[in-house]
Amino acid sequence: MGRVTERRRVVRIRNGGAGVRPDTLVAEEPLEIRLNGNPLAITMRTPGDDFALAVGFLVSEGVLGAASDVQAVTYCEGATEDGSNTYNVVNVQLAAGVPVPDITLERNVYTTSSCGLCGKASLDAVRTATRFPGIADDPVRVPAEVLSAMPDRLREAQKVFDRTGGLHAAGLFTAQGELLDLREDVGRHNAVDKIVGRAYQSGRLPLAGAVLLVSGRASFELVQKAVMAGIPVLAAVSAPSSLAVDLALESGMTLVGFLRGPDMNIYAGEERITV
């Protein structure tokens with residue numbers, strides 16, 4: 001199985017002098033996700049939590065809702081011509097009676113570590129596909145001072161980032177600021193899928209009353225994944241996109257951007273942030 005980090009030779013120049021030394025890099029490998037044995041998507045990810053990544057992706061696609069929807073998640077043996085197991089192919093076998101979506105048209109795709117969905121039509125698709133439509137009615141309230149402390153707590157918990165400097169992070173918090181889970185990945189959307197997938201595996205969906213914090217920007221796809229998991233508050237240390245704000249407003253989510261110390265911009269659902 002692929003490692004989270006790898007060592008590479010690097011020429012380092014400091015103060016006008018050059019030297020050769022090993023450097024620690026974050027690993028990036030492809031993961032093929034199969035559904036009932038049929039190829040669905042390939043994503044570039046940091047190895048680790050692959051089963052959570054696969055089921056979290058399927059939650060965000062509206063395929064999975066209840067933990068009972070999955071019969072088994074396995075690595076595929078014989079994934080190469082010589083029959084070896086690369087640990088880069090995961091199959092999610094649905095339980096009997098769970099509808100299998102048409103995966104031949106819209107979502108049989110190659111995704112990169114910075115990909116996102118686009119298009120106004122996606123707003124309607126998310127609204128109709130989510131299993132947890134009650135975000136607008138979630139009564140959670142988050143004090144601004146609690147929210148402002150979350151980025152530092154997230155950064156302090158990023159163990160692999162400390163060694164590589166090359167990972168995104170997603171953290172799941174309570175409204176009181178307790179860090180419930182943290183996942184790191186070369187792709188920000190993969191980190192969120194791992195968070196959602198782990199919650200799915202433990203039967204904790206929907207994630208009512210929770211706050212999701214991401215280390216980068218808030219793209220449409222990240223808002224989509226939060227909506228599909230029933231998360232009422234999404235915060236990012238950088239900017240949201242216009243489509244992300246549109247989806248947050250339509251779904252009743254609270255969306256915060258540029259969360260840096262005591263400063264933040266609230267783009268949707270400002271009533272949940274108390275000052």
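This is a predicted model: local features need pLDDT of at least 70, side-chain atom pairs count only at pLDDT 80 or more; totals for chains, interfaces and linings use all residues.
Hi everyone, let's start with the rings: Phe-51, Tyr-75 and Tyr-87 form one aromatic cluster. Residues are numbered from 1 along each chain as its sequence is written, and side-chain values use heavy atoms, with hydrogens and water left out.

Now, the pairs. The structure holds 2 aromatic pairs. Rings of Phe, Tyr and Trp (its six-membered ring) pair if their centres lie within 6.5 Å; planes under 30 degrees apart are stacked, over 60 edge-to-face, and the rest tilted.

Phe-51 and Tyr-75 have ring centres 4.9 Å apart and planes at 45°, so this pair is tilted. Because Phe-51 sits in helix H1 (residues 50–60) and Tyr-75 in strand S5 (residues 70–75), the pair ties together parts that are 24 residues apart in sequence. Helices here are DSSP runs of H or I with at least four residues, strands are runs of E with at least two, and both are numbered from the N terminus.

The other pair, Tyr-75 with Tyr-87, is edge-to-face, at 5.0 Å centre to centre and 75° between the planes. Tyr-87 belongs to the loop between S5 and strand S6 (89–94), so this pair ties together parts that are 12 residues apart in sequence.

How accessible are these rings? Phe-51 is partly exposed at 27% relative accessibility, and Tyr-87 is partly exposed at 31%. On that scale, buried means under 20% relative accessible area, exposed over 50%, and partly exposed in between (1.4 Å probe, protein chains only).

Next, the threonines. Thr-24, in strand S2 (residues 17–26), is buried at 11%.

Thr-46 lies in the loop between strand S4 (38–45) and H1 and is buried, at 2%. What does Thr-46 contact, leaving aside its neighbours within four places in sequence? Its partners are Val-4, Val-26, Ala-27, Leu-167, Asp-185, Val-186 and Lys-194, with contact meaning heavy atoms within 4.5 Å.

Last, helix H3 (residues 144–156): it bends by about 30° at Met-150, and Pro-151 follows within four residues. The bend at a residue is the angle between axes fitted to the seven residues ending there and the seven starting there. Both Met-150 and Pro-151 are buried, as are Ala-144, Leu-147, Ser-148 and Leu-154. Thanks, everyone!
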